[in-house]
Amino acid sequence: MPYVIGDYQNALIKGRQILNGVFIANKIINHLKRRKPKGYLLKLDFHKAFDSVIWEYLDEVMACTGFGSRWREWIHQCISTAKIYVLVIGSPTEEFFMEKGLRQRDFLLPFLFNIVAEELIAEC
(Lines give C-alpha, C1' and ligand atoms only; values in the text may rest on other atoms or scores of the structure.)
Protein backbone atom coordinates (compact mmCIF):
# COMPACT_ATOMS: atom_id res chain seq x y z
CA MET A 1 0.00 0.00 0.00
CA PRO A 2 2.74 2.60 0.72
CA TYR A 3 3.82 2.37 -2.93
CA VAL A 4 0.29 3.05 -4.17
CA ILE A 5 -0.86 5.73 -1.71
CA GLY A 6 1.18 8.93 -1.76
CA ASP A 7 2.21 11.02 1.24
CA TYR A 8 -0.01 13.81 -0.07
CA GLN A 9 -3.22 11.75 0.23
CA ASN A 10 -5.06 12.48 3.46
CA ALA A 11 -8.42 10.79 3.11
CA LEU A 12 -9.16 7.14 3.87
CA ILE A 13 -5.78 6.49 5.51
CA LYS A 14 -5.52 5.62 9.20
CA GLY A 15 -3.80 8.39 11.11
CA ARG A 16 -4.45 11.03 8.45
CA GLN A 17 -7.27 13.53 8.54
CA ILE A 18 -9.44 14.37 5.53
CA LEU A 19 -9.61 17.99 6.71
CA ASN A 20 -5.84 18.42 6.27
CA GLY A 21 -6.52 19.12 2.59
CA VAL A 22 -9.00 21.85 3.51
CA PHE A 23 -6.50 23.52 5.86
CA ILE A 24 -3.77 23.44 3.21
CA ALA A 25 -6.15 24.85 0.59
CA ASN A 26 -7.12 27.71 2.92
CA LYS A 27 -3.46 28.57 3.53
CA ILE A 28 -2.77 28.62 -0.22
CA ILE A 29 -5.80 30.83 -0.90
CA ASN A 30 -4.78 33.27 1.86
CA HIS A 31 -1.24 33.39 0.45
CA LEU A 32 -2.57 34.08 -3.06
CA LYS A 33 -4.89 36.82 -1.78
CA ARG A 34 -1.96 38.59 -0.12
CA ARG A 35 0.44 38.29 -3.08
CA LYS A 36 -2.22 38.75 -5.80
CA PRO A 37 -0.37 36.88 -8.54
CA LYS A 38 -1.91 36.46 -11.97
CA GLY A 39 -3.22 33.00 -12.56
CA TYR A 40 -5.96 30.58 -11.79
CA LEU A 41 -6.82 28.33 -8.89
CA LEU A 42 -8.25 24.97 -9.96
CA LYS A 43 -10.21 22.83 -7.54
CA LEU A 44 -10.68 19.17 -8.38
CA ASP A 45 -13.05 17.23 -6.17
CA PHE A 46 -13.03 13.46 -5.92
CA HIS A 47 -16.12 13.59 -3.70
CA LYS A 48 -17.95 10.34 -4.26
CA ALA A 49 -15.75 9.69 -7.28
CA PHE A 50 -15.38 6.04 -6.39
CA ASP A 51 -19.17 5.64 -6.35
CA SER A 52 -19.16 6.25 -10.09
CA VAL A 53 -16.40 3.83 -11.06
CA ILE A 54 -17.59 1.28 -13.59
CA TRP A 55 -16.59 -2.09 -12.19
CA GLU A 56 -15.84 -3.52 -15.62
CA TYR A 57 -13.37 -0.67 -16.15
CA LEU A 58 -11.69 -1.46 -12.82
CA ASP A 59 -11.32 -5.10 -13.90
CA GLU A 60 -9.91 -4.03 -17.27
CA VAL A 61 -7.38 -1.71 -15.62
CA MET A 62 -6.34 -4.42 -13.17
CA ALA A 63 -5.85 -6.90 -16.03
CA CYS A 64 -3.85 -4.36 -18.00
CA THR A 65 -1.58 -3.59 -15.03
CA GLY A 66 -0.75 -7.25 -14.42
CA PHE A 67 -3.24 -8.50 -11.82
CA GLY A 68 -4.01 -12.18 -12.33
CA SER A 69 -7.49 -13.56 -12.96
CA ARG A 70 -7.74 -15.12 -9.50
CA TRP A 71 -6.94 -11.80 -7.79
CA ARG A 72 -9.41 -9.93 -10.02
CA GLU A 73 -12.12 -12.48 -9.21
CA TRP A 74 -11.52 -11.98 -5.46
CA ILE A 75 -11.85 -8.21 -5.91
CA HIS A 76 -15.01 -8.67 -7.97
CA GLN A 77 -16.52 -10.83 -5.21
CA CYS A 78 -15.69 -8.17 -2.61
CA ILE A 79 -17.32 -5.35 -4.54
CA SER A 80 -20.32 -7.18 -5.97
CA THR A 81 -21.64 -9.25 -3.07
CA ALA A 82 -22.05 -6.67 -0.30
CA LYS A 83 -25.48 -6.80 1.35
CA ILE A 84 -26.96 -4.46 3.92
CA TYR A 85 -30.16 -3.93 5.82
CA VAL A 86 -31.69 -0.86 7.39
CA LEU A 87 -33.06 -0.58 10.92
CA VAL A 88 -36.57 0.87 10.93
CA ILE A 89 -37.77 1.64 14.45
CA GLY A 90 -35.24 -0.88 15.75
CA SER A 91 -36.26 -3.72 13.41
CA PRO A 92 -34.11 -4.77 10.45
CA THR A 93 -35.53 -4.70 6.94
CA GLU A 94 -34.83 -7.46 4.45
CA GLU A 95 -31.24 -7.56 3.21
CA PHE A 96 -30.57 -6.04 -0.18
CA PHE A 97 -27.54 -5.88 -2.44
CA MET A 98 -25.68 -2.62 -2.62
CA GLU A 99 -25.20 -1.04 -6.02
CA LYS A 100 -21.55 -0.36 -5.15
CA GLY A 101 -19.76 -2.79 -2.89
CA LEU A 102 -17.07 -0.64 -1.28
CA ARG A 103 -17.76 1.67 1.59
CA GLN A 104 -15.65 4.49 2.99
CA ARG A 105 -14.04 2.46 5.78
CA ASP A 106 -13.38 -0.53 3.55
CA PHE A 107 -9.70 -1.50 3.50
CA LEU A 108 -9.76 -2.05 -0.27
CA LEU A 109 -11.11 1.40 -1.10
CA PRO A 110 -7.86 3.45 -1.17
CA PHE A 111 -6.03 0.72 -3.05
CA LEU A 112 -8.66 0.26 -5.78
CA PHE A 113 -9.42 3.96 -6.04
CA ASN A 114 -5.73 4.70 -6.63
CA ILE A 115 -5.51 2.03 -9.32
CA VAL A 116 -8.38 3.71 -11.19
CA ALA A 117 -7.14 7.27 -10.57
CA GLU A 118 -3.61 6.44 -11.77
CA GLU A 119 -5.01 4.94 -14.97
CA LEU A 120 -6.99 8.10 -15.65
CA ILE A 121 -3.71 10.04 -15.94
CA ALA A 122 -1.76 7.35 -17.83
CA GLU A 123 -2.54 5.00 -20.65
CA CYS A 124 -2.35 1.28 -20.05
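Entry 1, the whole chain. I am working from a predicted model, and I began with its elements: the chain holds 4 helices and 4 strands, which run α-α-α-β-β-β-β-α from the N terminus on. Of the 124 residues, 23% count as buried, and the chain exposes about 10,400 Å², of which carbon and sulfur atoms supply 59%. I also looked up the contacts between residues at least 6 apart in sequence, and 47% of these join residues at least 24 apart.

I listed the buried residues of helix 2, residues 55-64, and found Trp55, Leu58, Val61 and Met62. Looking down the helix axis, I see these buried residues fall within an arc of 120°, so they line one face of helix 2. An α-helix has 3.6 residues a turn, so residues three or four places apart point the same way. The buried residues of helix 2 pack against helix 3 (69-80) and helix 4 (108-121), whereas the face turned away from the buried side carries the exposed residues Glu56 and Glu60. Just after helix 2, I noted that Gly66 takes a positive phi of about 100°.

My search for salt bridges came to a count of 1: Arg72 pairs with Asp59, and their closest N and O atoms are 2.8 Å apart. This pair links distant parts of the chain, with Arg72 in helix 3 and Asp59 in helix 2, 13 residues apart. I then checked how accessible Asp59 is, and with a relative accessible area of 31% Asp59 is partly exposed.

Notes: Residues are numbered from 1 along each chain as its sequence is written. This is a predicted model: local features need pLDDT of at least 70, side-chain atom pairs count only at pLDDT 80 or more; totals for chains, interfaces and linings use all residues. Side-chain values use heavy atoms; hydrogens and water are left out. Buried means under 20% relative accessible area, exposed over 50%, partly exposed in between (1.4 Å probe, protein chains only). Helices (H or I, at least four residues) and strands (E, at least two) are DSSP runs, numbered from the N terminus. The arc is that of the directions from the helix axis to the C-beta atoms. Contact means heavy atoms within 4.5 Å. A salt bridge is a side-chain nitrogen of Lys or Arg within 4 Å of a carboxyl oxygen of Asp or Glu. Accessible areas come from the Shrake-Rupley method with a 1.4 Å probe; for residues, only the protein chains shown count as cover.
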